Amino acid sequence: MGAALDEARAALATGDVPVGAVVLGPEGTLVGRGRNVREADGDPTGHAEVRALREAAERLGRWRLDDCTLVVTLEPCLMCAGATVLARVPRLVLGAWDPKAGACGSQWDVVRDRRVNHRVEVLGGVREEECGAVLREFFADHREA
């Protein structure tokens with residue numbers, strides 16, 4: 001989660017919502033990393049999870065990440081939860097829950113829905129206070145501006 005938090009903090013430099021993600025390979029090595037870049041790149045799909053999954057797939061030379069773990073500072077949205085399922089990621093570790101837009105247990109539970117072809121084990125609340133603080137500070141600063 002420390003590496004994911006580093007990615008989240010790096011997103012602050014571009015004015016992006018500070019969310020970071022990493023993908024750990026089968027040996028526990030970091031094979032993908034990402035941060036939100038919607039503002040930086042003008043890309044609506046520029047979410048941390050999507051970038052980390054893409055980098056991991058490229059580095060491993062395959063789209064099936066069925067022996068990897070996705071670690072992210074904020075509960076994934078619908079798009080990112082769907083990408084996690086489609087990449088066949090078996091484990092998701094998340095920091096802060098997202099009661100407004102979370103799709104891994106809060107608003108929806110896409111990753112464990114019986115109707116999809118793959119289900120993901122979710123471990124939530126890892127370093128939750130620290131992950132949430134980065135987001136709270138970002139939004140507090142934006143409200144003041």
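1. Begin with a group of charged residues: Asp6, Arg9, Arg127 and Glu130 are linked in a network of salt bridges. A salt bridge here is a side-chain nitrogen of Lys or Arg within 4 Å of a carboxyl oxygen of Asp or Glu. Side chains of opposite charge can pair when their charged atoms come close. In total, the structure holds 12 salt bridges.

2. A word on the model before you go on: it is predicted, so local features need pLDDT of at least 70 and side-chain atom pairs count only at pLDDT 80 or more, while totals for chains, interfaces and linings use all residues. Residues are numbered from 1 along each chain as its sequence is written, and side-chain values use heavy atoms, leaving out hydrogens and water.

3. Helices (H or I, at least four residues) and strands (E, at least two) are DSSP runs, numbered from the N terminus. Arg9 is partly exposed, at 37% relative accessible area, and Glu130 is also partly exposed, at 31%. (Buried means under 20% relative accessible area, exposed over 50%, and partly exposed in between, using a 1.4 Å probe and protein chains only.)

4. Which residues of helix H1 (residues 2-11) are buried? They are Ala4, Leu5, Glu7, Ala8 and Ala11. These residues cover an arc of only 155° around the axis, so they sit on the same side of H1; the arc is that of the directions from the helix axis to the C-beta atoms.

5. Because Glu7 lies in helix H1 and Arg33 in strand E2, the pair ties together parts that are 26 residues apart in sequence. Glu7 counts as buried at 6% relative accessibility, whereas Arg33 counts as partly exposed at 35%.

6. Follow Arg33 into its strand: Arg33 in E2 is the bridge partner of Val22. E1 and E2 run antiparallel and are joined by five bridges (two strands pair if DSSP finds at least two bridges between them). The two strands form a hairpin with five residues between them, and Gly28 in the turn has a positive phi of about 85°.
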